[in-house]
Amino acid sequence: MKGATMICPVFIPRRSARRVRPLAVLAATLALAAVSTHASDAHTPPTAQPWTPATLRQALAALPPGDAARGRTVHETMFCASCHGERGQAPTLNWPHLAGQKAAYTAKMLLDYRDGRRLENHGALLMRDLAQMLTPQQMADVAAFYAQQPLPRDDGTPRAAVSAEALRQAERLVRHGDPARLITPCASCHGARGEGGTREAGALAGQNPLYLRRTLLDFQSGRRHNDAVKGMSTFAQRLTRTEIEALAVYYADPSAGRHALRQAAR
Amino acid sequence: MRTPSVAIPPSAAGYRRALAWVLTAALGAAGAVGLTVQERALAQARVQATAQATPQAQTNAGTPAGPAAGSAGTAPPSPALNPNPVPASVMAHTCAACHGTNGQLGDEAFKPLAGMPVQQFVRTMIDFREGRRPATLMGHVAKGFTDADLQAMGEFFAAVAPLVDGTATHKATP
Amino acid sequence: MNTEPSLLSRRDWMSSALGLLAAAAAPSLAFAQTRARIVVVGGGVGGATTAKYLKLFDPSLDVTLIERAPVYLRPYGSSEVLNGHISMRDLEVRYDTLRDRYGVRVVIDTVTALDATAREVRTASGQRFGYDRLVVSPGIELMYDAYDGYSEAVARSRVPCAWIPGEQTALLARQLQGMRPGGTFVLAAPPNPYRCPPGPYERAALMTEWFQRHNPTAKVIIVDPKDSFVTDETMMLGWNRLYRFNLPEDYEKKIAAKVEVLRHASPGMLSWVRGKEGGRTLRIDARRMTIEIEGGVIRADVINVIAPMRAGRLAATMNLADSSGFCPVERRTFASTRVPHVHVIGDASIADAMPKSGFSANTQAKVVARAIVEELAGRPAPEPLWENTCYALAGSDYGLFVADVFKIVDGKIARINGASRYLPLDASPAQIRLCARYQQAWLRTFTQDCFA
């Protein structure tokens with residue numbers, strides 16, 4: 001080695017020489033590395049364009065048709081079940097149920113996580129990493145899988161104590177909105193029974209009330225800002241804290257609050 | 001692929017050969033300027049046969065099979081090696097470093113355990129233990145516990161009030 | 001199984017009983033005498049967790065934590081300062097929550113002596129702390145002078161060790177990030193036993209990842225007295241995939257049987273010189289910036305020597321350590337076999353199969369806190385169980401882990417959770433990515449459990 005100014009890498013032929021892998025195989029097996037080095041550093045916020053109704057429509061239309069059977073495999077192998085529950089009903093307080101969710105909404109959320117439009121907490125950061133590992137087909141498939149599951153019910157999440165009056169107010173907001181505050185009825189987008197409505201408006205029936213409350217608060221404060229045309233932010237800003245609590249409890253029961261109203265009356 | 005411009009000198013000394021290969025491979029292509037590697041005469045090598053000798057009583061416990069003191073043959077270590085029951089809280093507190101003190105956890109990647117229904121905890125841990133449920137390390141952890149252990153831990157966590165948005169929950173009807 | 005603890009507990013019960021009698025006679029002294037005093041020396045993971053959990057188990061205990069530094073710099077995850085992923089500030093952990101939420105008396109002072117007969121700990125400022133039980137978690141002391149030409153002065157100025165975070169970490173980060181294009185970074189891994197088994201390899205891996213992006217002609221050489229290390233298969237498989245690292249033949253044989261191993265015609269910048277290849281460190285020349293190993297001399301631009309280590313200095317001061325440099329303890333309670341009424345936990349203790357890790361210290365602390373509370377109440381310490389489950393990185397997006405559950409088996413602490421400790425070699429990309437994310441989450445949750 002002394003005096004060597006240029007040392008080239010030395011290839012030592014092995015006794016059982018392993019041939020150099022074809023480029024395609026090498027590329028596939030190094031896909032992990034490519035993703036790794038390209039993948040966003042957890043510390044740099046990405047700059048994703050907010051949706052317009054047109055771009056959102058296009059993005060959703062661009063997704064391939066989803067297959068629920070394939071989606072079950074995605075749900076199991078990509079650890080969705082681990083947090084969101086075997087059948088899409090999350091076993092903890094912190095995370096949303098996905099069972100019965102509209103496919104378009106689930107797909108939109110995955111795109112929002114992937115592109116960094118939604119990054120409001122640690123859970124969202126984890127979702128970003130997972131969403132970045134999904135192909136569009138996998139997104140469509142897993143969304144189709146959840147859409148097929150029955151809406152959640154009796155999830156056992158503790159409900160905040162809300163008065164009967166607050167629940168009646170919640171029902172009013174759901175069915176009639178509040179013209180004075182320019183709040184359209186929740187049902188007009190989210191369905192008469194909270195089953196989800198047109199396009200990407202999500203299902204709310206049976207949703208974990210702690211999660212729904214946090215979501216409305218996040219829209220109110222701007223921590224969440226992935227809603228197209230700021231629809232949810234606008235409505236949430238006009239709601240009181242009590243109304244938010246009551247709406248969360250109202251929607252938690254799949255029979256659209258009547259049960260909850262009865263319970264509150266006791 | 002470059003053709004080698006430096007041949008490995010034939011040598012009976014394994015150290016010299018191995019080291020030379022490693023260093024040349026590592027110091028390869030560009031920018032070896034300014035680096036010199038001087039090989040020592042390995043006749044004076046002070047290596048003992050136990051080059052990685054460790055102090056008597058300790059190692060870093062690195063073998064994949066894991067030491068199972070006194071166990072027979074190649075049987076993998078299992079809770080049956082010590083069937084004495086451990087108090088539920090002692091077992092449960094080993095979970096806290098990931099799942100929060102007393103299983104209480106707010107916004108995090110891991111699952112809070114506080115308030116989890118007993119059977120859900122038990123079934124989930126058994127699914128991890130049997131490999132039915134995808135996991136990173138929970139499968140490995142679950143193997144350390146018997147069904148009775150899991151039942152006890154489940155009861156411990158079910159009795160703890162969960163955090164809500166980082167604060168203690170109200171007492172509310174489900 | 002263990003006769004000593006019950007003997008101690010009889011004594012403690014007797015002294016409590018005497019205390020009660022005294023209380024009847026002198027009410028003003030009663031409170032001070034009947035409230036058990038636990039002193040914890042060392043405010044790292046082991047000490048902090050002990051103090052917190054003692055108070056959790058029994059808020060009426062009088063718990064004092066004595067620590068030399070007002071702010072703790074967490075060593076776990078500290079290698080992420082080197083690649084600029086976090087700053088030194090991000091390592092800071094404070095004792096406020098222990099004090100305010102749990103009522104631990106936190107004393108910032110240096111312990112200078114132990115009077116085991118008087119059951120008293122003395123500090124540099126002249127204070128004395130009497131105890132009914134003492135828990136010592138002194139961490140490690142780095143033996144800089146194990147290598148010719150190496151010393152703490154050299155480590156602080158030129159060839160950092162940075163295995164206990166501080167100025168040396170900041171220095172090493174500056175050196176690595178400022179290394180000239182095409183420079184060589186040598187990391188000298190320590191001999192067994194040492195704190196954080198996968199740590200040196202994670203450090204080398206993270207720097208290799210950083211160099212690939214910022215200094216692509218750099219070289220990274222790990223020189224090692226050992227031929228293997230904890231998590232070696234999963235770690236090196238990650239290197240194989242990320243850094244064009246070719247596995248040593250014996251590893252390749254083992255691993256290729258289970259999963260595809262790449263053989264890179266043009267290997268990358270990272271290499272590992274094992275003990276059997278002459279990797280053991282002999283001498284450092286800080287002036288010439290060379291490191292002499294058994295197999296030769298390497299000249300480098302940046303050298304990081306992870307020195308051999310033993311129990312923190314206090315272990316010797318307090319006569320807790322034996323000739324191995326570490327502290328022998330009863331397994332059930334981690335009570336010192338050398339000094340009564342004293343427990344030793346964490347890296348300083350001899351804990352059989354438990355690796356020297358933060359996670360081990362955390363679960364040892366809980367077992368000891370429980371044992372102390374039970375014994376003070378006149379009951380035997382219960383059957384213990386410990387864990388060591390932690391994540392490490394082969395790259396920022398490539399995680400792996402070691403997962404151990406321990407009980408006492410045939411009088412020693414042994415693993416009881418199956419043959420496999422590690423991330424399987426055929427782990428999916430999702431598992432690998434999740435491990436990396438969970439590692440980051442674990443840093444947060446672990447710190448909370450120890451200090452908050």
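How are α6(A) and α8(A) oriented to each other, roughly parallel, roughly antiparallel, roughly perpendicular or oblique? In this predicted model, residues are numbered from 1 along each chain as its sequence is written, and chains are lettered from A and ligands numbered from 1 in the order in which they are written. Local features need pLDDT of at least 70 and side-chain atom pairs count only at pLDDT 80 or more, whereas totals for chains, interfaces and linings use all residues.

The secondary structure of chain A comes to 14 helices and zero strands, where helices (H or I, at least four residues) and strands (E, at least two) are DSSP runs numbered from the N terminus. Helix α8 of chain A, residues 136-148, packs against α6(A) at an angle of about 140 degrees, with the axes 8 Å apart; axes are lines fitted to C-alpha atoms, for helices over the stretch in contact, and angles run from 0 to 180 degrees between N-to-C directions. Angles under 35 degrees count as roughly parallel, over 145 as roughly antiparallel, 65 to 115 as roughly perpendicular and the rest as oblique. The two helices, α6(A) and α8(A), are therefore oblique to each other. Their crossing is right-handed, the term for a near helix turned clockwise from the far one by less than a right angle, with anticlockwise giving left-handed. On the α6(A) side the contact is made by A:A103, A:T106, A:A107 and A:L110, and on the α8(A) side by A:M139, A:A140, A:A143, A:A144, A:Y146 and A:A147. Two residues are in contact if their C-beta atoms, placed from the backbone, lie within 7 Å. The residues of this helix pair divide into nine nonpolar, one polar and no charged, with Ala, Val, Leu, Ile, Met, Phe, Trp, Tyr, Cys and Pro counted as nonpolar, Asp, Glu, Lys and Arg as charged, and the others, Gly among them, as polar.

Chain A is assigned domain 1 (53-148) and domain 2 (164-265), the bounds coming from an automatic or database domain assignment. The domain centres, taken over C-alpha atoms, are separated by 22 Å. Domain 1 of chain A gives 18 residues to the contact and domain 2 of chain A gives 17. On the domain 1 side, α3 (53-62) and α6 (103-115) of chain A each give two or more residues, and α6(A) gives the most, with four. That side divides into nine nonpolar, three polar and six charged residues.

Chain C is divided into domain 1 (3-139 + 312-382) and domain 2 (143-308), with 35 Å between their centres, taken over C-alpha atoms. Here 15 residues of domain 1 are in contact with 20 residues of domain 2, and the domain 1 side comprises seven nonpolar, five polar and three charged residues. In helix α8 of chain C (residues 232-242), 11 of the 11 residues are buried, so the helix is largely enclosed by the rest of the structure. A residue is buried if 20 or more other C-beta atoms lie within 10 Å of its own, exposed if 12 or fewer, and partly exposed in between, with C-beta atoms placed from the backbone. The buried residues of α8(C) include C:M235, C:L237 and C:W239, as well as C:D232, C:E233 and C:R241. C:R244, which follows α8(C), has a positive phi, near 55 degrees.

Chain B comprises six helices and three strands, in the pattern α-β-α-α-α-α-α-β-β along the sequence. Of its 174 residues, 45% count as buried.
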